[in-house]
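Please read the following account with the sequence and the three-dimensional view side by side.

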Amino acid sequence: MSATSPTATRGSMMTRNMGMFDFISGAFQNEDIDDRRATASHILVETEEEAMVVKKSILDGDSSSFEEAAKTYSTCPSSKEGGSLGTFQPGAMVQEFDDVCFNKSTPIGEIIGPIQSKFGYHLIVVADRFENADKTDGDPFF
């Protein structure tokens, strides 16, 4: 085989002739990016029983709102914000949390849970679920 062919035989082994910069070609390939986003709030408590009491309190109208219940009962620092976690992408939260927030069958605006994670028990309200609209295919100047 000639030196310019893409493959050359050396004994019984096949080797590939590479160009000088072929080793970095992978750096410029597009990767599959997960553009899903969710906006959610939660209440984190230590036990499933406590989560059920808090949920019943909200549903029965004993607590004025999910946000007020989060401020009162949640052990998470987000309690100061009424349990709001803002908008996040898959992988930013524990898997059990992502499984609820990014599941298309999870209703928007309803209290879900209790959901157990390594942190305790969560009551979750998914406020929004969407695809990130700020997608780019690179620098628009080229």
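D34 counts as partly exposed, at 34% relative accessibility, where partly exposed covers the range between buried, under 20% relative accessible area, and exposed, over 50%, as found with a 1.4 Å probe on protein chains only. This is a predicted model, in which local features need pLDDT of at least 70 and side-chain atom pairs count only at pLDDT 80 or more, while totals for chains, interfaces and linings use all residues. Residues are numbered from 1 along each chain as its sequence is written, and side-chain values use heavy atoms, with hydrogens and water left out.

The side chain of D34 meets that of R36 in a salt bridge, with N and O 2.8 Å apart; the term stands for a side-chain nitrogen of Lys or Arg within 4 Å of a carboxyl oxygen of Asp or Glu. R36 is itself partly exposed, with a relative accessible area of 29%. Side chains of opposite charge can pair when their charged atoms come close.

How many salt bridges does the structure hold? There are three, and one of them is the pair of R36 and D34. Another joins the side chains of D60 and K56 at 2.4 Å, N to O, and D60 is partly exposed with a relative accessible area of 45%. E68 and K71 also form a salt bridge, their closest N and O atoms being 3.9 Å apart. Both E68 and K71 belong to helix α2, where three residues, about one turn of the helix, separate them; helices here are DSSP runs of H or I with at least four residues, strands are runs of E with at least two, and both are numbered from the N terminus. E68 is partly exposed at 37%, and K71 is likewise partly exposed at 46% relative accessibility.

Apart from residues up to four places away in sequence, R37 touches T87, F88, Q89, F102, D128, R129, F130 and N132, contact meaning heavy atoms within 4.5 Å.

Four strands form an open sheet in the order β4-β3-β6-β5, with antiparallel pairing, and two strands are taken to pair if DSSP finds at least two bridges between them. Strands β4 (84-88) and β5 (111-117) stand at the edges, each with a single partner strand, so one side of each is left without a neighbour in the sheet. Neighbouring strands of this sheet are turned by 35° against each other on average, direction ignored. Axes are lines fitted to C-alpha atoms, for helices over the stretch in contact, and angles run from 0 to 180 degrees between N-to-C directions.

Within the sheet, ten bridges join β3 to β6, and L44 stands opposite H122 in β6. Five bridges pair β5 with β6, residues 120-131, and among the partners in β6 are G120 for S117 and I124 for I112. A hairpin of two residues connects β5 to β6.

Helix α2 (residues 66-73) lies across β3, β5 and β6 and runs at about 50° to β3. In the loop between α1 and α2 sits S65, which is partly exposed at 22% relative accessibility. A polar atom of the S65 side chain lies 3.1 Å from the backbone nitrogen of E68.

Finally, D98 lies in helix α3, residues 95-101, and is buried, with a relative accessible area of 7%. Leaving aside neighbours within four places in sequence, D98 is in contact with F88, P90, G91, A92, M93 and N103.

Notes:
A polar contact is a pair of N or O atoms within 3.5 Å; within protein, one must be able to donate a hydrogen and the other to accept it, and residues adjacent in sequence count only if both atoms are side-chain atoms.
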